[in-house]
Amino acid sequence: MPPKLPVIVAGGGIGGLAAALALVRQGFSVKVLEQAPQIGEIGAGIQLGPNAFHAFDALGVGDKARGRAVYTDEMVMHDALDETLVGRIPTGEAFRKRFGNPYAVIHRVDVHLSLLEGAEETGRVEFLTGTHVERVEQDEAGVTVYDRAGNAHRGVALIGADGVKSVVRAQYVGDPPRVSGHVVYRAVVDRKDFPQDLQWNAASIWVGPNCHLVHYPLRGGEQYNVVVTFHSRDQEEWGVTEGSPEEVQSYFQGICPKARQLIDLPKSWKRWATADREPIATWTFGRVALLGDAAHPTLQYLAQGACMALEDAVTLGEAVRVNGNDFAKAFALYQASRVARTARIVLSAREMGRIFHAKGVERLVRNELWKGRSPERFYDAMEWLYGWNADNCLARD
Ligand SMILES: Cc1cc2nc3c(=O)[nH]c(=O)nc-3n(C[C@H](O)[C@H](O)[C@H](O)COP(=O)(O)OP(=O)(O)OC[C@H]3O[C@@H](n4cnc5c(N)ncnc54)[C@H](O)[C@@H]3O)c2cc1C
């Protein structure tokens, strides 16, 4: 019998809600503590691989998420200096057949809403907003989580899904971020304001020296997500602020006009000075486990951070299913199943940033890399990533 006390989840983002759903499906009740005044998401797009949809299916919200996504025909990369095509990966029927789920682009709000609806429908998830977790104590029977207002929340275990600046991670690990010096500007633009010659049904990237630009449709093509990244000339600190059109305009010199027009479109931007952390081998501590960006913050170049948070949640649920109420064993299995895979994402994302932003001869090498490669060869290279699912997620001896 599951205990009467809930599992506590710090953070009501994509990872926290997915974890709540996964735990409810194993018979627990869950209390989500979220610092924001409302449970919600930022206005931006996100790319999701088939692995994310396998996770949605395992959490019982696959149809909700698929119903809100836009299905692209391809992923396409152009050189931002001379407009040449660098690579093209079809993501239509053959891709879907190979991986059993689609590649899609979707508004973050719609991902979050699908999880939130799923969690609310269970009737077993309690949400406390305006609740900033500060620290946790644990004993043989459970955890006590203290918030900024001085309230104590008692539970059987704590999932730290409190994002890139996790206070739960700070308490147990206390490692510094690795600020990349790369800055990301993001905005969503209405179709009527988006250039017709870029209205492609594709996840599109323009790669240039020390920069790249991404665009793709959202919400049935009614909107377009625009994301541009550059190497900052300033000393950056990890965080999100309002963007300045003047600043973004001062970068991207020498980029072809077709790509450069992207930075003229948004009326307002959000600015991310990005960072990751060195991968760590231990992210569970007794009755406390980290999940999502709290466990493995990554640069965004593989578009897999949220996908990994969803996978984490499903794996956590499976590890709990196998070990019943023994959280020590369940968390050990969860950790063993996730550390290498998520570290591979963190390290590969750094490498992908280098490839995207190549200059000089390295740029020429990049442009040769994928020439003439068949879709099947691309798909084979992606098998390790997109072949993940709830049936194969647990580490085996
Ligand atoms: C520019 C950019 C583009 C990206 N594109 C993609 C993409 O295409 N595909 C993809 O899969 N991923 C992408 N990602 C990564 C993705 O956004 C993250 O990996 C994902 O949001 C992680 O979810 P999370 O729930 O772990 O953390 P978060 O989304 O950060 O959620 C954490 C939650 O915890 C709350 N919180 C924080 N501290 C506390 C506290 N002390 N107490 C209580 N609550 C707290 C926060 O308010 C928040 O609601 C991108 C990231 C960036 C920056």
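The ligand is surrounded by 29 residues, the closest of which are Gly-15, Glu-34, Gln-47, Arg-108 and Asp-293, where a residue counts as near if one of its heavy atoms lies within 4 Å. The model is a predicted one, in which local features need pLDDT of at least 70 and side-chain atom pairs count only at pLDDT 80 or more, while totals for chains, interfaces and linings use all residues. Residues are numbered from 1 along each chain as its sequence is written, and side-chain values use heavy atoms, with hydrogens and water left out.

The shell around the ligand divides into eleven nonpolar, 13 polar and five charged residues, with Ala, Val, Leu, Ile, Met, Phe, Trp, Tyr, Cys and Pro counted as nonpolar, Asp, Glu, Lys and Arg as charged, and the others, Gly among them, as polar. At least two shell residues come from each of α1 (14–24), β3, β13 (178–190) and α9 (305–323); these elements are DSSP runs numbered from the N terminus, helices being H or I of at least four residues and strands E of at least two.

Polar contacts, meaning pairs of N or O atoms within 3.5 Å, include the following.

| Residue and atom | Ligand atom | Distance |
|---|---|---|
| Glu-34, polar side-chain atom | oxygen | 2.7 Å |
| Val-133, backbone N or O | nitrogen | 2.9 Å |
| Gly-305, backbone N or O | nitrogen | 3.3 Å |

Taken alone, the ligand exposes 1,000 Å², of which the protein buries 87%, with areas from the Shrake-Rupley method and a 1.4 Å probe.

Strand β3 also belongs to an open, antiparallel sheet of three strands in the order β3-β7-β4, pairing being assigned if DSSP finds at least two bridges.

Definitions and conventions: Polar contact = N/O pair within 3.5 Å; in protein donor to acceptor, adjacent residues only side chain to side chain.
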